Every structure is written in C-alpha cells, then in structure tokens.
Amino acid sequence: TNYILNIVVLATFSMLIHTTVARPDYITVEKFGPGATAGAVYTAPGDGRVSVNLVDSSTGNILLHMDYRFEWGRNPYTGASWEDILILNSKLNRNWGGEQHVKPVYYTPGSTMAVGARAGEDSFTIIINDQALATYKYRGDADVSSIDKIEFVAEDCGGCELKGLGVRYD
C-alpha cells in the first residue's frame with residue numbers, strides 16, 4: 001500500500017514517477033546517474049527546516065544536501081532571521097563545503113512542495129514544483145553514480161509531512 005500511495009503522490013510531481021519505500025524517511029535506489037531525478041513531496045513547513053539528501057551510504061558522503069528553511073534560525077553574518085531560502089551543499093569525507101543559497105524560495109505553509117534534483121554530466125538541476133530554480137555543480141571527486149540513498153529530514157518543522165520519496169530514470 002505505501003508503494004502505491006507514494007506513486008499516486010509523486011504523480012503530482014511530473015519529475016518523479018517511480019518510487020521504492022524502505023522506510024518512511026528514506027529510500028534506497030539501485031542505480032543513479034546522469035538523467036536520473038530524485039526528490040521528495042511533502043507539506044511545506046510553517047517553521048523550521050526540511051532537508052532532502054542524496055547519499056552514498058558506503059562512504060557516508062552527502063553528494064547533495066537540499067535544505068529548505070522557512071524563517072529558521074539566524075543568519076550568522078547578519079543576525080537577521082533566515083529568509084525563506086533553499087541552501088545547497090555537499091558533505092564529502094565528513095566535511096561540509098561552502099553553501100550555495102537559492103532565494104527567495106517561499107511556499108505557503110501547508111501547501112504541497114515537490115523538491116528534486118536532476119543529475120546531469122557535471123551538475124544537478126534543482127527543481128521545485130516543476131520549476132528549475134538553480135544549478136549545483138558536483139563537488140570534488142563526487143561520483144553521482146554512487147548515490148544509493150535518498151533521505152528526508154525534518155527539523156523543528158511545524159506542520160510538514162512527508163508524502164513520498166522517489167526517483168525517475170530518463
């Protein structure tokens with residue numbers, strides 16, 4: 001039933017049409033690489049942050065961390081509240097790289113958000129609700145074909161609910 005439910009949910013996000021459910025907060029994938037799109041469909045939070053991670057579980061590397069923050073925390077440089085922002089990053093060999101900020105990214109709390117990343121030859125195209133918003137270059141010697149896990153993480157998240165995780169292979 002979860003498998004069918006997630007396919008129905010993900011059908012609303014045209015980029016994601018195939019899913020496998022291992023647990024509610026992550027899925028494992030058999031293959032990934034250029035042409036593949038991975039992402040999550042969830043209810044937009046009223047506060048806090050939601051992350052979708054593309055992971056190589058053999059090394060623990062997070063090749064792509066997509067972190068949507070809705071008025072969450074304080075910007076360490078200005079002291080002001082974060083804008084509604086999508087932060088992109090990678091964690092390779094236990095070290096976070098520099099953040100890439102995509103802003104403003106605002107969605108009404110309680111609305112459905114579909115956040116995904118399509119792998120290209122040298123970068124991801126970041127997609128929210130079927131709109132390409134940014135490009136994120138692969139970092140270091142990251143090999144996107146090593147991605148075998150898609151994670152969903154909610155932190156201090158008011159009202160967010162995971163509806164589905166999925167991967168589409170083109």
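I began with a polar contact of 2.6 Å that joins the side chains of Asn53 and His65. By polar contact I mean a pair of N or O atoms within 3.5 Å; within protein, one must be able to donate a hydrogen and the other to accept it, and residues adjacent in sequence count only if both atoms are side-chain atoms.

A note on the ground rules: this is a predicted model, where local features need pLDDT of at least 70 and side-chain atom pairs count only at pLDDT 80 or more, while totals for chains, interfaces and linings use all residues. Residues are numbered from 1 along each chain as its sequence is written, and side-chain values use heavy atoms, with hydrogens and water left out.

**Entry 1: the chain overall**

I found one helix and twelve strands in the chain. Helices (H or I, at least four residues) and strands (E, at least two) are DSSP runs, numbered from the N terminus. Along the sequence I read the pattern α-β-β-β-β-β-β-β-β-β-β-β-β.

Of the 170 residues, 47% count as buried; buried means under 20% relative accessible area, exposed over 50%, and partly exposed in between (1.4 Å probe, protein chains only). The accessible surface comes to about 8300 Å², and 48% of that surface belongs to carbon and sulfur atoms. Those areas come from the Shrake-Rupley method with a 1.4 Å probe, and for residues only the protein chains shown count as cover.

I also checked contacts (heavy atoms within 4.5 Å). Among those between residues at least 6 apart in sequence, 60% join residues at least 24 apart.

Why does Asn53 count as buried? Because its relative accessibility is 4%. Leaving out residues up to four places away in sequence, I see Asn53 touching Ile62, Leu64, His65, Met66, Lys149, Ile150, Glu151 and Val153.

Strand E3 (residues 48-56) runs antiparallel to E11, and seven bridges join the two. Two strands pair if DSSP finds at least two bridges between them. In this pairing, Leu54 stands opposite Ile150 in E11.

E11 (residues 149-155) also pairs with strand E1 (residues 26-28), in the antiparallel sense over three bridges. Here the bridge partner of Ile27 is Ile150. I therefore looked up the contacts of Ile150 next; beyond four places in sequence they include Tyr26, Val29, Ala38, Val52, Leu165 and Val167.

**Entry 2: the core**

Which residues touch the most other members of the largest nonpolar core? They are Phe32, Leu54, Met66, Leu86, Phe124, Ile126 and Ile150, in a core of 38 residues. Strand E4 (residues 61-70) gives the largest share of this core, five residues. A nonpolar core is a set of buried Ala, Val, Leu, Ile, Met, Phe, Trp, Tyr and Cys residues joined through side-chain atoms within 4.5 Å.

Strand E5 (residues 85-92) is mostly covered, with seven of its eight residues buried. I went through its partners one by one:

- E4 runs antiparallel to E5 with six bridges, and Asp67 has Ile87 as its bridge partner.
- E7 (residues 100-102) pairs with E5 in the antiparallel sense over three bridges; Leu88 stands opposite Gln100.
- E6 (residues 95-96) pairs with E5 in the antiparallel sense over two bridges, and Lys91 has Trp96 as its bridge partner.

E5 and E6 form a hairpin with two residues between them, and Asn93 in the turn has a positive phi of about 55°.

**Entry 3: the five-stranded sheet and Ser123**

I then traced an open sheet of five strands, in the order E10-E9-E8-E2-E12 with antiparallel pairing. Its edge strands, each pairing on one side only, are E10 (131-137) and E12 (162-169). Neighbouring strands are turned by 15° against each other on average, direction ignored. For this, axes are lines fitted to C-alpha atoms, for helices over the stretch in contact, and angles run from 0 to 180 degrees between N-to-C directions.

E9 and E10 pair in the antiparallel sense over six bridges. Which residue of E10 stands opposite Ser123? I found Lys137 there.

Ser123 lies in E9 (residues 123-128) and counts as buried because its relative accessibility is 11%. Its side chain makes a polar contact of 3.5 Å with the side chain of Asp122. Leaving aside neighbours within four places in sequence, Ser123 is in contact with Arg118, Thr135, Tyr136, Lys137 and Tyr138.
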